[in-house]
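Let's take a walk through this model, starting with a loop and ending on a helix. Have the sequence and the coordinates open side by side.

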Amino acid sequence: MLRKTSENKSKIRSEKDFKRIYEEYYRSLYFYAKSFLKDDFNADDIVQETFFYLWKRKDELEIQTISGLLYTDVRNRCINLLNHRKVKEKHLQYEKAKDEDTLDSMLPFYEEELMRMIIKLVKHLPQKQKNALQYKIIGYSISEIAQKMLVSENTVKTHLLKARKFLRSHLSNTIYFWAFIKIFKNF
């Protein structure tokens, strides 16, 4: 059993004591951690870390109430993990915003260069795809392009799809690919 020391404090004396504590408290500590984290895997990890800490420091710790020590340790570990998640999420949001800001600030330069590259690539397209693409870039709708080209709307969509695939395949290994995606996202 737990060995009493001065001032009514206890120490874990043997593996048997530790095993009894583990069996008595594991389940309730697990649900306590899960109530904070809403996550089975991390709740289990937190409780295991708490018991590992208890075992590792069993000779040093003088315990007034074992339940107080265990619940406090689990709570603190849960709070630390939740705070770490918040910091990590903020960092990811910052990095994402920074990347988007960088692309947005460079977009005018990329757009100009991208348009030069597209003009060069468009020369290699079949005439009908080239016409459909040019009308689309100017701002005509699918139905307006169909009327101008004297074809169905589905045919225009097919021409644009093939043109877009051609452009994407030729731009995919360049720095301009992301600018192409951003500029022509609804294309």
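**Two loops and a helix**

Start in the loop between α1 (15-37) and α2 (40-56), where you'll find Lys38. Helices here are DSSP runs of H or I with at least four residues, strands are runs of E with at least two, and both are numbered from the N terminus. This is a predicted model, where local features need pLDDT of at least 70, side-chain atom pairs count only at pLDDT 80 or more, and totals for chains, interfaces and linings use all residues. Residues are numbered from 1 along each chain as its sequence is written, and side-chain values use heavy atoms, with hydrogens and water left out.

Most residues other than glycine have a negative phi. Lys38 isn't a glycine, yet its phi is positive, at about 55°. Lys38 is also exposed, with a relative accessible area of 67%. (Exposed means over 50% relative accessible area, buried under 20%, partly exposed in between, with a 1.4 Å probe and protein chains only.)

Now hop to the loop between α5 (142-149) and α6, where Leu150 sits. Leu150 has a positive phi too, about 60°, again without being a glycine. Leu150 is exposed, its relative accessible area being 77%.

From there, move on to α6 itself, residues 153-171. Its 19 residues reach 27 Å from first C-alpha to last, close to the 27 Å expected at 1.5 Å a residue; that expectation is 1.5 Å times one less than the number of residues.

Which residues of α6 are buried? They are Val156, His159, Leu160, Ala163, Leu167 and Leu171. Seen down the axis of α6, these fall within an arc of 95°, so they line one face of the helix; the arc is taken from the directions from the helix axis to the C-beta atoms. On the other side of α6, Asn154 and Lys165 are exposed.
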